Structures are given as C-alpha cells and as structure tokens.
There are 2 protein chains.
Amino acid sequence: MKIGIIGGTGDIGEGLALRVSDKHEIILGSRDPAKAVESADKIKNTLKERGIDGNCRGTTNEDAAKAGDMVVISLPFQHVAPTLAGINPDCFKDKIVISPVNPMVRKNGCFLYCPPDEGSAALAIKKMLPESCKLVTAFNNIAARKWSMLDCVLDYTVAVTSDDTDAKMQVMALAQQISKLQPVDAGGLELAGIVESLTPLTINIAQNNKLKDLSIYMR
Amino acid sequence: MKIGIIGGTGDIGEGLALRVSDKHEIILGSRDPAKAVESADKIKNTLKERGIDGNCRGTTNEDAAKAGDMVVISLPFQHVAPTLAGINPDCFKDKIVISPVNPMVRKNGCFLYCPPDEGSAALAIKKMLPESCKLVTAFNNIAARKWSMLDCVLDYTVAVTSDDTDAKMQVMALAQQISKLQPVDAGGLELAGIVESLTPLTINIAQNNKLKDLSIYMR
C-alpha cells in the first residue's frame, strides 16, 4: 500500500516511515519538499543500519496526497485548512484519509481541548475534503516523541473512529502492524472529539505528575 | 476518616465500603434508608467472611452527607440536582466533595458525552454546593462492576481534578489505598469534562470490540 503523509516531516510521519516502510511505500510530503527528501534519506539510513530496506521518499504535500492510497494529515489543527486549500481536491478522491489531529490551546501552563464549532477537528476536516473521502481518526493519543523512536515499544491503545466501517477496519489493520499497538473500534466520527481531547489530558497529567511521554492503554 | 456516600447503594458506594471500610468509616446514604442499611449489612457480612471488620452503616442521604468528613456524590447526573435540593447545604460546609459523575446519553446504541451548559458535571455540581466546598472529581472511569467485586484488582489510572490542591492531594491519597489504583493529578476542574467523557468512550469501545469492563491505564 502507498501511504502519503501531509506534514510528513513531523513525528507521526517520521515514526510511520520508520515503523512500516518495510511493508508499505511511504511518501512524506512537506511544503518544503527538500526538507521531506532529507527526512526520507535520514529514515532510510537509520533503517539501513539495521539491515532494513525502507521504501520511503520525500516530495511536496500535494504529491504525497496524490500518490497515497491512504493519506495521513499530520499537521497542527490551525495549519490544516490553509494546507488543504493549496492541494487539488482530486488528490483525495475516494481515498481513506487519516486524521491524528488534536486541536488544543495552552492556558496558564495547562493544555485545554479546543475544538472548532463542528465539535472536533475530525468533523471540521471532513467538511474540507471531497465527499467521497473516508475520514478516519487514529494515532491521536500516542506521545509524539515515542513514535519517532524506533526502539521504543508502543504498547498503547489506538482508539479509531470513522463513519465508514470498511475504512475503519483498514486503518485498524495498519495500526496492528505497528509495534504493540492495540487498535480498537471507538465508534463513529461523532466520538472523535473525546479521542482528540485525551491528548491534552495526558500531556497535563505527564506535566503535573513528572511523568514522561504518557499515553493510554485500555484494559 | 468518615466518608459519606450519597447514592451509596450503587456500585461505587458498595465498592468503596468493601475496599476501605477497614480503614475508614463508611456511611452509605440512600433515599430509602432501609435499602442502605441492607447494603451495609451485606458488605459487613462479605468482609466478615474474610476476617475483616468493616466499619460501615446505612442511613439517609442527608445523614450520610452530614456525617462524612468527605462526601461522595454517587448518582446519575440527572439525579444530582433534585437529590442535593433535598439536603441541607450546611451538611457540605467546608468539606471535600467527590464527584465520580459522568453525564451521558445513549443514541443509536452508542454512548455520547452530554455535559450540561457549564461544560461538565463537575462544574455544574460545584454551583449546586456551598462555596466553602472543595469539589474534586475522581473515580470517574473505573468500570462499575469491577469496583464492587472485591477480588478484582483495580490496576487503573484515576485522573483527579480540583481547583483546591490540598483537597486533590487528600483524594489522591484515598485512591492510593484502593487496590492498585494509580491516582494522578489531572489539573483543575476545567479539565473534569475530558475525564468524564472517557467513560462513554470506554463503554463504546468495550461494546464495539467485545471487551468487558474496560478502563484506562496511563503509562
């Protein structure tokens, strides 16, 4: 499968490329394609040192969206609308689009969930994409730094939401291939807001309790 | 310490009495005090069979609130306002009040978080209590059935919120005495909504994935 990542030079893009580019083709996009090429080269080198042949390249955000069978939007929420506005909507047609986006603000040193009027980043992003897109939220709650550390076991629960059952299953199958992630069906997109809000909660808890890179496991 | 529990015949009251009435005096309240007395007797018998001397009694909700040094409000959200309206506010004066309340509705077989206009049950309950009360949210996310099963190890994270740091520390110390619960400081009351919303999320996930009595552990 080809996975295009918009904002692919961030932690999620880098982590996905490190962890699944032996099984899938990863196309990292960036508004600065030179930076994406550099990121892809770094990742391939890291993998090569371990004898792994990573299938990964860097390009523009539009090219990444166009090339991917699945497209991940790995951007801070406030950058999503302007970035998508610069990409031909046909690049997304009929595709599964993954949002790991968590809108939050910092207030008095504490992180608050700050969803748009639609109720969640997911519901807002759905409106920005062609109707034929199957939007899925996933990978929202995994501490960013751990993602990109290949030796770090990710034994967390990935709560996946979507209004398209088949798309949800495909993304759960992808998550299942990554470290020890435990994907679970968390329901329709109307549940995405709760999943997104877990990230500011865990960041605050890490901060208040001197814990590090906290994530969630359900049992 | 004396812990009064409003709605004490529910899972949380029963569970707390089973798990800490060897260390604290537990006063179970109910709108039907005979039912609370029956509950307390059942709990004491269960403990006695294991050689544990439980300090636990049943009474009215008002008496439980009056007797407790700490008071737990263990009611469905829609019952909180009418129940508190029937209790003399002086019973709560200067006390720590614990809310494990999660407002939710069921829609098409799925549970949605349904907070009041204040943003969370906690912020609404704060307004119903005397100003001298120190409101703390805790024990929101533990699957009800597991609470009341004494042999069930509770190895979960308890996200505690309050605007009163000392009260928060006292409730965290109480949680620390219960099974293997891991209390964490989750911030001020403005964060309570996220913690409350975790419960409908975990109920849905349990339901959708054929898991049982799901709760949350952060690591």
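Modeller: A polar contact is a pair of N or O atoms within 3.5 Å; within protein, one must be able to donate a hydrogen and the other to accept it, and residues adjacent in sequence count only if both atoms are side-chain atoms. The model is predicted: local features need pLDDT of at least 70, side-chain atom pairs count only at pLDDT 80 or more, and totals for chains, interfaces and linings use all residues. Side-chain values use heavy atoms, with hydrogens and water left out.

Colleague: How many residue pairs are in polar contact between chain B and chain A?

Modeller: A pair is counted if both residues are at pLDDT 80 or more. Between chain B and chain A, the count is eleven.

Colleague: Which residue of chain B meets Glu190(A) in a salt bridge?

Modeller: A salt bridge places a side-chain nitrogen of Lys or Arg within 4 Å of a carboxyl oxygen of Asp or Glu. Chain B and chain A have four salt bridges between them. In one, at 3.2 Å from N to O, the partner of Glu190(A) is Lys107(B).

Colleague: What area do chain B and chain A bury between them?

Modeller: Buried area is the accessible area (1.4 Å probe) that two parts lose on being put together, summed over both. Ile194(B), Leu201(B) and Arg219(B) supply 27% of the area that chain B buries against chain A. Carbon and sulfur atoms carry 62% of the area buried between the two chains, which is about 2,700 Å².

Technical notes: Residues numbered from 1 in each chain as written. Chains lettered and ligands numbered in written order.
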